[in-house]
Amino acid sequence: MTALTHSYWLRGLLFGLLLWLLAGCAGYSDNFAPIAAELAGHKLDAALELLDKKEPPARDRLLRLMNRGMLLRLKGSFSASNQEFAAAKQLVEQLNALSLREQTTALIVNDTARSYAGAPYEQVMLNLYSALNYLNLGQLDAARVEALQVDLLLGELADKELGALFENDPFARYLSGLIYEAGGEYSDAMIAYRLAYQAYQQHAQAYPLSVPKQLQIDLLRSSERLGLVAENRRYREQFGMDNGPMLEQQGELIFLFHNGLAPVKIEQSITLPVPPHGQFVRIALPEYQRRPRGFSAARLLIDGQLVVTELVENIAELAVAELAANRPAMIARLTARSLLKYQLSREAGKKNDLAGFLVNIAGLLSERADTRSWLSLPAEIQLARVALSPGEYVLDVELLDPAGRVVERLTYPAVVLRTGEKTFLSGHGIAETSLLGRK
Amino acid sequence: MKRCQLGRTCLLLVAVATLLALSACSTKVSRMAPDEVKDLSGAWNDTDSQLVSAEMIADMLQRPWIGDHRAATGQRPAVIVGEVRNLSHEHININTFVADIERAMVNSGRVDFVASSSERREIRGEREDQDLHAREKTRNAMGQELGADFMLKGQINTIIDHADKDQVRYYQVDLTLISLTDNRKVWLGQKKIKKFVERSKLRY
C-alpha cells in the first residue's frame, strides 16, 4: 500500500479516476430535468407526481415548496399554490437566522451543506407570484398585502447593502403600482411606478432590459391624474409621447406571459496540483447556463385588436447578474475551505503518508459547487395591456417563435372586463427547445 | 478496568444523547386556554383579534348613538357588518375578526344584528324552499326581514419599521358605523397595537 502511495504515476492515475467519477456526479439541476420535460409536454399532474416522489433532504425544503407552488400555479390551483408559497416565505424568514452548525459544516465540506434560503431574486419572485395568484383569484386586497410585503423585503435587502441590483426589483415595483391603481390608490400607484422607472434604469446597466413602453404610458397617465404638472412635462419630453386617455370608463385587460424556464446552475471546477507536497486542491464554483427561450413573445387577439407583449422582467439575466455579484463572497468561502482542507491533509500526511493521501481525496470528493436554484421559474415575464369598453370577450393568444411564426395557441373563452377595473390574466409558455440547456 | 469504566460512561452518554435527540423528533402537543397569550412570530394573531374586537365593541356600545336611535324610533338599532378591508402587510383572516365583532355585539343584547348579504341569500333560498315543501303552519313568509339601520365598516392598516433583524409593527384598526338612512357617521372607533419583534439571529 505504501508502494502505491509513493509511486507518482499510480497516484496520478488514481486522481484521474477520481476526477472522472466527480464529473459524473449529478448536480441539483439534473434531478429537475425529467420534471421540466413533463412541463414542456403540458403534463402537469405527471410533473407534480415526479416532484412528490422523492423526499428532499431538509436543507432543500425551500426548493420543494417553491417548485410545488409554481407547478400548482401552472395547473391553475392558485389557492393551493399560495399555500406552498406562504410556507416558503415563512421558511425563508426562519432561514434568515444564522446556523453555526451549518456554517461550520459548509466550511469543512461544501456550500451545499447549508440550508437553501433562496437568492434575493427568488425571494422577490415568491411575493410576486403569490400576488399574481391572488390577482388570478380576483382577491385584490390580498395581492395588495403581497405588494406591501415585497416593499418590506426590498427594504430589508437594501439594509444588507448587497448592491443596487438587490435593492429594487423592476417588475415587483411595477406590479405593485398596477395593484394600487386597480384599487384606486392613485398616489401609491404613482410612487410605485416611479420606483419601477428607477429600477428599470438601474437594472438596465447590469443586463439587457429597457423601460417598458407601458410603464411610460402609466407614468404619464398617473402624473397627469395627480396634477404633477412639472413631472408630467418631464416624462413627455423624456419619452417623446403625449398624455394618453384616462381609463376610468373602460375595462382593462392586463395579460402576463411567463416565458421559458430560468437558467440552470452547473458546476465549473478545476483540480490543481500543489507541487511541493504532492497534494491536490479542487476549486468548484456554480455558473448559470441559460436555457433557450423557445418563444419570443405572445400576440393577443381581442375584439379585433392585435397587441404584442413586451418584456417587463428578465429573470434569467437577473439571476446571472446576481450570481456574478455574489461571486466574491463565494470565492472567499472557497479559499478558506481550500486552505483548511489543505492543512488537514498536510497534517495527516506528516504522520502517515497514506492518511494524508486519503484526507486529500476526501477533501477533493467533498468539494462541490452549490448548484441549487428555483428551476421552475420562468426565464422572463412579458406584459400587454388592452383597454376596452366593458363586456365579455374572447381572447386568443398566439405564442410566437423567434422567427415570428405562431407555434402555440392559448384561448380564454370568457374574459370579463368591468368599468374602471383591471382584469389580470396569465399564460405560461414552456417550449420543448427550452429543455436543451441540460441533458 | 479503568478503560472499561470509561467505555461504559461513554456508552451511557451516547444513550442519553440519543434519547434526547429522539424526544425532540416527536410532535409535542400541549393544550392552551383560548385566552392565553402566546406570541410566536409577531404577526397578527388570535389574541389581537379578540382584544381589538372586544375593546372596540365595548366602546361602541357605550356611545350615545344607541340612546339617540331609541329616542327617535323607540326600537333597538339593527346593525349589519359591511366590508372590513385588510390593508396591512399580512394576510389576516378577516372572517374570525368579523365573527368576534358580531359575537360581542349580539351578546351585548343592546343591538339587533342582521345577517350579512351572503348569509341572507342562503336564508332566502331556504324560505323559497319552505314555500314549496313545508307545512302551512310552519312556513316563514317572505318580505318579513328586518332592515338594518346602521352598517359597520372598517379597515386594518399597518406600519412596519425595521432595522437589521428588529421590527416595530404598528397596527391600527378603524371601524366606522354609518347610518343607512342618511349616510351619517355615528361612531368612529380606533384601536392601536404596537409590537416590538426581535427576530432571532441564530438558529440550530
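**Figure 1. Overall makeup of chain B.** Of the contacts in chain B with a separation of 6 or more, 66% are between residues 24 or more positions apart; two residues are in contact if their C-beta atoms, placed from the backbone, lie within 7 Å. This is a predicted model, in which local features need pLDDT of at least 70 and side-chain atom pairs count only at pLDDT 80 or more, while totals for chains, interfaces and linings use all residues. Residues are numbered from 1 along each chain as its sequence is written, and chains are lettered from A and ligands numbered from 1 in the order in which they are written. Chain B has 5 helices and 6 strands, in the sequence order α-α-α-β-α-β-α-β-β-β-β. Helices (H or I, at least four residues) and strands (E, at least two) are DSSP runs, numbered from the N terminus. Of the 204 residues in chain B, 18% are buried; a residue is buried if 20 or more other C-beta atoms lie within 10 Å of its own, exposed if 12 or fewer, and partly exposed in between.

**Figure 2. Helix α2 (residues 46–62) of chain B and its surroundings.** The end C-alpha atoms of α2(B) are 25 Å apart, which agrees with the 24 Å that its 17 residues should span at 1.5 Å a residue; the expected span is 1.5 Å times one less than the number of residues. Buried in this helix are B:Asp48, B:Ser49, B:Val52, B:Ser53, B:Met56, B:Ile57 and B:Met60. These residues lie on the same side of α2(B) because they cover an arc of only 130° around the axis, the arc being that of the directions from the helix axis to the C-beta atoms. The cover over the buried residues includes α4 (94–108), β4 (166–179) and β5 (185–198) of chain B. Exposed B:Ala58 and B:Gln62 are on the face turned away from the buried side.

**Figure 3. The side of chain A that touches chain B.** In this view, 16 residues of chain A are in contact with 15 residues of chain B. On the chain A side, β1 (98–99), α7 (100–108) and α9 (140–159) each supply at least two residues. The largest share, 10 residues, comes from α9(A). By type, the chain A residues divide into 7 nonpolar, 4 polar and 5 charged; Ala, Val, Leu, Ile, Met, Phe, Trp, Tyr, Cys and Pro count as nonpolar, Asp, Glu, Lys and Arg as charged, and the others, Gly among them, as polar.

**Figure 4. Strand pairing between the chains.** Strands β1(A) and β6 (residues 202–203) of chain B run parallel and are joined by 2 bridges; two strands pair if DSSP finds at least two bridges between them. A:Ser99 has B:Arg203 in β6(B) as its bridge partner.
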